[in-house]
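Me: I'm new to this one. Can you walk me through it?
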Amino acid sequence: MGVPEKLAARMSMAEQHEYLRARFSRRTMIRGGAVTLGAVAGGAFVPGATAQAAVPTQSTAPAVESVDGALVAPFGRHLAFGNDPRTEITVSWQVPVAVKNPFIRIGAHPWDLSRKISAEVRTLHTPAGVGASGNHTQYYLHAKLTHLRPGRTYYYGVGHEGFDPAERHLLGTLGTFTTAPAHKEPFTFTAFGDQGVSYHGLANDSLILGQDPVFHLHAGDIAYADPSGAGKTADTGFDSRVWDQFLAQTESVAKSVPWMVSYGNHDMEAWYSPNGYGGEEARFTLPDNGPDKKNLPGVYSFVYGNTAIISLDPNDVSFEIPANLGISGGTQTTWFEAQLKKYRASKDVDFIIVFFHHCAYCTSTAHASEGGVRQEWVPLFEKYTVDLVINGHNHQYERTDVIKGDKVAKKLPIGETAYPETEGVVYVTAGAAGRSLYAFTAPDSYEGHLNEVDSVASFINTKDGKVNETVAWSRVRYLNYSFLRVDVEPASSGHYAKLKVSGIAETGDRIDHFTVARRAK
């Protein structure tokens, strides 16, 4: 049912999508040919606030009769901040079949959930014959809550007609979330990329929950429903049902910790939309302050305390995997620089952290470094003295020295401190969240197991293909499952604010730690 492979190789993802739209008549689509995304108007608010609802669109998914709601339990709850983490949270979840009148209840106490707010439904249909998928319809629900109070913990329950979380026997299904504080204070967040569904993914989730983070960054390649990662409609291994497993796996953390995602190459599911992100738009509600919501829904920013977080989409600049190369027409980079300029000028922001999928600097034998990122964004990282760059894509842990101008500006041994204002940028690849591991050409070197070398053989993906390079900036290498923990410490005027960054193995052992310090404004 996909675009023929030889033809697809010469087409962008948008061109493939249009080819399929032209190939199937409307009648064929209704009977199960093309994949479609539909939305039912809804929205969510707290009393006295505004409601934000989706614009209704017609869904061509097969009609499904709803069942007795008492027999259906929600699953896969996950949270995301809105544009302002102090006052906005979106609660998202899934149901296995169509239900009537879905809603969320919210309150300051588990026994006070009298506020009942309608939810938005996004229906995603995948017909049999698309990759390895069976004939499958997924129902994703979203409730965007606004005008919340900063630094407040709320209790919530999600339900529908026949399943009311406020009933006594269902109180065990309640979740909580906490909004960002109104003022600067210490906090912890975690990050990784490339998780998928596995024992190791589940184990990392368990360890992350134990860190008590206020949010989590997922640097792309989220569920791996499309195992090929090329962004082609001909990807035979694609299976939309993997998302059901992933969201169920992640719920233990994401139901209480905002799960802020960035999109990688395996998240370009070409069947659903010209940009490949139609499926992700059904499953996630992210901040909508990016440059191009139509083409780049995973590009956004938010501020938590004294730290600005920026999510980018490197599929737009990737020479290695060009399915979406150039999709923004340069608007993403223009927007990114404007964000950097704004945050660096803000008296309330000390740190700027950027996360995205493809690596600017990595020595993995699989993907190594992405030349498009180095060309487009590394000069901006250095111009605006970005404090930390977090990537995935390569399934291992690697941390650089301080880099400026593609060279080591300062060696950064484990336990030492970097000063980005005067020295350069530190890059961390944290792509060992659960998928099968890659390899290094150099030996592992990490806390308690140092094996340092002067240079490492690697390569960079350029517009002309792979180019070999020998680098001196690979400081820490760990080839096993792991994630990143960052402790943020504000400072009073005249003193240094600090990011204390740690690499944590699946065993719970620390494999790396360093500090990024910046004089407070």
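This is a predicted model: local features need pLDDT of at least 70, side-chain atom pairs count only at pLDDT 80 or more; totals for chains, interfaces and linings use all residues.

Me: How many salt bridges does a search of the whole structure find?

Reply: The search gives 21 salt bridges. One of them joins Arg399 and Asp512, at 3.0 Å from N to O. Arg399 is in strand S18 and Asp512 in strand S28, so the pair ties together parts 113 residues apart in sequence.

Me: Is Arg399 buried or exposed? And Asp512, buried or exposed?

Reply: Arg399 is buried, with a relative accessible area of 0%. Asp512 is buried, with a relative accessible area of 0%.

Me: What about Glu337, which residue does it form a salt bridge with?

Reply: Lys383, with the closest N and O atoms 3.0 Å apart. Glu337 sits in helix H7 and Lys383 in helix H9, 46 residues apart. Glu337 is partly exposed, at 25%. Lys383 is exposed, at 55%.

Me: Which residues are linked in a network of salt bridges?

Reply: Arg344, Asp387, Glu421 and Arg518.

Me: New topic. What order do the strands of the open sheet of 7 have?

Reply: S12-S11-S10-S26-S27-S28-S21, with mixed pairing. The edge strands are S12 and S21, and each pairs on one side only.

Me: In which sense do S26 and S27 pair?

Reply: Antiparallel, over 8 bridges. Phe483 stands opposite Ile504 in S27. Lys500 in S27 and Glu489 in S26 also meet in a salt bridge, 3.4 Å from N to O.

Me: And what volume has the second largest pocket?

Reply: About 320 Å³. Of its 17 lining residues, the closest to the centre are Asp84, Arg86, Val303, Gly305 and Asp348. By class, the lining has 8 nonpolar, 5 polar and 4 charged residues.

Notes: Residues are numbered from 1 along each chain as its sequence is written. Side-chain values use heavy atoms; hydrogens and water are left out. On a 1 Å grid over the protein atoms alone, a cavity is a set of points where a 1.4 Å probe fits but cannot get out, and a pocket is an open set with protein on both sides within 12 Å along at least five of seven lines; lining residues have an atom within 4 Å of a point. Grid points are joined across faces, edges and corners, and a volume is the space filled by probe spheres set on the points. Ala, Val, Leu, Ile, Met, Phe, Trp, Tyr, Cys and Pro count as nonpolar, Asp, Glu, Lys and Arg as charged, and the others, Gly among them, as polar. Two strands pair if DSSP finds at least two bridges between them. Helices (H or I, at least four residues) and strands (E, at least two) are DSSP runs, numbered from the N terminus. A salt bridge is a side-chain nitrogen of Lys or Arg within 4 Å of a carboxyl oxygen of Asp or Glu. Buried means under 20% relative accessible area, exposed over 50%, partly exposed in between (1.4 Å probe, protein chains only).
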